[in-house]
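Please find below a colleague's note on the structure shown here.

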Amino acid sequence: MPKCLDTSASLPTMASLRHLPRLLELLGEDLACVATRDPAARGKIETLLTYPGVHALLWHRLANVLWRRDWRFLARLVSWFARFLTNIDIHPGATIGRRFFIDHGAGVVIGETAVVRDDVTIYHGVTLGGVSWSPGKRHPTVESGVVIGAGAKILGPITIGQNARVGANSVVIESVTRDATVVGIPARTVMRDAGRYTFGGRVNLNHHLIPDPVGEAFSVLADRIEFLEARVSHLQQRLKERAKPRSGEGSSHRIEPPRII
C-alpha cells in the first residue's frame with residue numbers, strides 16, 4: 001500500500017515541526033522582498049493577504065517539505081489547492097530558493113525538476129517547462145538574480161545564468177550566460193548589463209528597456225536603401241548630362257543614354 005494511503009503510518013505532524021523555523025524564515029524573506037521589487041506594495045499585511053505570488057510560495061514551501069519526506073500524494077494535493085487559489089502551478093518537487101518573487105502570478109507554471117536560485121523575479125505567464133518524456137532533469141535551472149519577463153517560456157534542462165534578463169514573450173531553448181539579456185523566438189542575446197543592481201539590493205525594474213535587434217536591422221537596411229537610391233539618382237543625372245549634344249554637333253551625333261533597369 002502506498003505510504004500516502006497507509007493508515008497505520010503516522011501523519012507528518014511532529015516530525016515536520018522541526019522544519020517550521022526555517023519555513024517561517026523563508027516565508028518572512030519572501031514577504032519582505034516584495035517591497036524591494038514592487039512599487040505598489042504598501043505594507044506587509046496587505047502583501048500577505050492580497051498577493052497571489054506570496055500565497056503560492058507559502059503553499060509550495062509546505063508542499064515541498066511533504067514531497068521531500070516522500071508524502072507525494074499530500075504534496076500534490078497541497079499543490080493542487082494552491083493552484084486552485086492562485087492560478088499559479090508550482091510542482092511540489094521544484095526547488096525554490098530564497099526571496100523568490102512572482103509578480104501578478106497568473107498563469108505561471110514551474111515544473112518538477114526546475115531549480116530556482118535566490119533573488120529571482122518572474123512575471124505572469126512564465127513557464128519553466130520540460131521538452132522530454134524521459135525521467136530525470138528536464139526543466140530549467142534559473143540562477144540567482146534573474147528577471148524573467150511576462151509570458152516568457154524557458155524550456156528544457158538549460159541554465160539561465162546569474163543576473164540574466166529574459167524579455168517578455170521570449171522562448172528560451174538554449175542556456176543563457178550570466179549578465180546577458182535575451183529576447184525573441186528563439187531567444188538571442190542582445191546585450192550584457194552587469195550593473196543591474198542598485199543600492200540596497202533593489203532590482204532595476206527597467207526590464208522594458210531592451211534592444212530591438214529586428215528593428216535595428218530594418219533601420220540599417222532602410223539607411224542603406226536610401227543611400228543606394230541617392231547614388232542611382234546621381235548616376236542617372238550624370239548619364240543624362242553626357243547624353244546631351246555638345247555645342248556645334250548636330251543632332252545626328254546625339255548619344256542615347258544607356259537604359260538602366
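1. A56, W59, H60, S79, A82, R83, I88, D89 and I90 line the largest cavity. On a 1 Å grid over the protein atoms alone, a cavity is a set of points where a 1.4 Å probe fits but cannot get out, and lining residues have an atom within 4 Å of a point. The volume of this largest cavity is about 40 Å³, where a volume is the space filled by probe spheres set on the points, and grid points are joined across faces, edges and corners. The structure holds 1 cavity of 30 Å³ or more.

2. The model is predicted: local features need pLDDT of at least 70, side-chain atom pairs count only at pLDDT 80 or more, and totals for chains, interfaces and linings use all residues. Residues are numbered from 1 along each chain as its sequence is written, and side-chain values use heavy atoms, with hydrogens and water left out.

3. At least two lining residues of the largest cavity come from each of helix 3, helix 4 (72–86) and strand 1 (89–90). Helices (H or I, at least four residues) and strands (E, at least two) are DSSP runs, numbered from the N terminus. The cavity lining comprises 5 nonpolar, 2 polar and 2 charged residues. In this scheme Ala, Val, Leu, Ile, Met, Phe, Trp, Tyr, Cys and Pro count as nonpolar, Asp, Glu, Lys and Arg as charged, and the others, Gly among them, as polar.

4. The largest pocket (an open set of points with protein on both sides within 12 Å along at least five of seven lines) has a volume of about 290 Å³. Of the 16 residues in its lining, R22, L26, N64, R68 and I96 lie nearest the centre. Two or more lining residues are given by each of helix 1 (20–37), helix 3 (52–68) and strand 2 (95–96). Helix 3 provides the largest share, 6 residues. By class, the pocket lining has 6 nonpolar, 6 polar and 4 charged residues.

5. The largest nonpolar core contains 30 residues, and F100, I110, I122, L128, I148, I160 and V172 have the most contacts inside it. Such a core is a set of buried Ala, Val, Leu, Ile, Met, Phe, Trp, Tyr and Cys residues joined through side-chain atoms within 4.5 Å; buried means under 20% relative accessible area (1.4 Å probe, protein chains only). Helix 3 and strand 14 (180–183) are the elements that give two or more residues to this core. A second, separate core has 7 residues, among them L31, A41, Y51 and F101.

6. Y51 is found in the loop between helix 2 (44–50) and helix 3, and is buried because its relative accessible area is 12%. Leaving out residues up to four places away in sequence, Y51 is in contact (heavy atoms within 4.5 Å) with V34, D38, A40, A41, E46 and F101. The C-alpha atoms of Y51 and A41 are 9.2 Å apart, at a separation of 10 residues along the chain.

Methods: Buried < 20%, exposed > 50% of the residue type's maximum accessible area, 1.4 Å probe, protein only.
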